[in-house]
Amino acid sequence: EEIARAFPGVRDAFAVKAGRELRVLLREDETSDEETVLLARKVARQIQKEVAYPGQVKVSVIRETRAIDYAV
């Protein structure tokens, strides 16, 4: 989580599935779709360098925009 939070544009990060997956939430207004792909790769490479773990860690980077409206 600390590794992911160090990157610019990251709003939050959560380790899930007993540390086998890292979900990274981005600030939509500060990142593009292309940066999302690159960030996933950068975070994964940084984890490889700094953390000892058995097996693999899945890095999911989420950049989400929601629009809600109501018809009355």
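## Salt bridges at a glance

How many salt bridges does the structure hold? The structure holds 8 salt bridges, each one a side-chain nitrogen of Lys or Arg within 4 Å of a carboxyl oxygen of Asp or Glu. Before we look at some of them, a word on the ground rules. This is a predicted model, in which local features need pLDDT of at least 70 and side-chain atom pairs count only at pLDDT 80 or more, while totals for chains, interfaces and linings use all residues. Residues are numbered from 1 along each chain as its sequence is written, and side-chain values use heavy atoms, with hydrogens and water left out.

## Overall fold and dimensions

The chain has 2 helices and 3 strands, and from the N terminus on these elements run α-β-β-α-β. Both kinds of element are DSSP runs numbered from the N terminus: helices are H or I with at least four residues, and strands are E with at least two.

Along the principal axes, the C-alpha atoms fill a box of roughly 55 × 25 × 15 Å. The radius of gyration of the chain is 14 Å, whereas a compact globule of 72 residues would have one near 11 Å. That radius is taken over C-alpha atoms, and the globule rule is 2.2 Å times the number of residues to the power 0.38. Of the contacts between residues at least 6 apart in sequence, 45% join residues at least 24 apart; here, contact means heavy atoms within 4.5 Å.

## Surface and burial

The chain exposes about 5600 Å², and carbon and sulfur atoms supply 50% of that area. Accessible areas come from the Shrake-Rupley method with a 1.4 Å probe; for residues, only the protein chains shown count as cover. Buried residues make up 26% of the 72 residues. The classes are buried for under 20% relative accessible area, exposed for over 50%, and partly exposed in between (1.4 Å probe, protein chains only).

Ile68, Tyr70 and Val72 make a nonpolar surface patch of about 490 Å². Patches are built from residues with over 30% relative accessible area and no salt bridge, joining like charges within 9 Å and nonpolar side chains (Val, Leu, Ile, Met, Phe, Trp, Tyr) within 5 Å. Valine 72 belongs to the segment after β3 (58-62).

## Charged pairs in detail

Aspartate 12 and arginine 5 meet through their side chains at 3.0 Å, N to O. Aspartate 12 is partly exposed at 23% relative accessible area, and arginine 5 is also partly exposed, at 39%. Glutamate 21 pairs with arginine 23, their closest N and O atoms being 3.1 Å apart. In that pair, glutamate 21 is buried at 5% relative accessibility, while arginine 23 is partly exposed at 34%.

Glutamate 30 and arginine 27 form a salt bridge with an N to O distance of 3.9 Å. Glutamate 30 is partly exposed at 47% relative accessibility, and arginine 27 is partly exposed at 33%. Shared partners also link salt bridges into a network made of Glu1, Arg5 and Asp12.

Threonine 31 sits in the loop between β2 (21-26) and α2. Is this residue, threonine 31, buried or exposed? Threonine 31 counts as buried because its relative accessibility is 9%. Its side chain reaches the backbone oxygen of arginine 27 at 3.0 Å. This is a polar contact, a pair of N or O atoms within 3.5 Å; within protein, one must be able to donate a hydrogen and the other to accept it, and residues adjacent in sequence count only if both atoms are side-chain atoms. Leaving aside neighbours within four places in sequence, threonine 31 is in contact with Gly9, Leu26 and Arg63.

## Loops, backbone angles and a helix residue

Lysine 17 is exposed at 56% relative accessibility, and alanine 18 is exposed at 83%.

Glutamine 56 lies in the loop between α2 and β3 and is exposed at 65% relative accessible area. Its C-alpha atom is separated by 15 Å from that of glutamate 1, 55 residues away along the chain. Arginine 45, in helix α2 (residues 33-50), is partly exposed at 42%.
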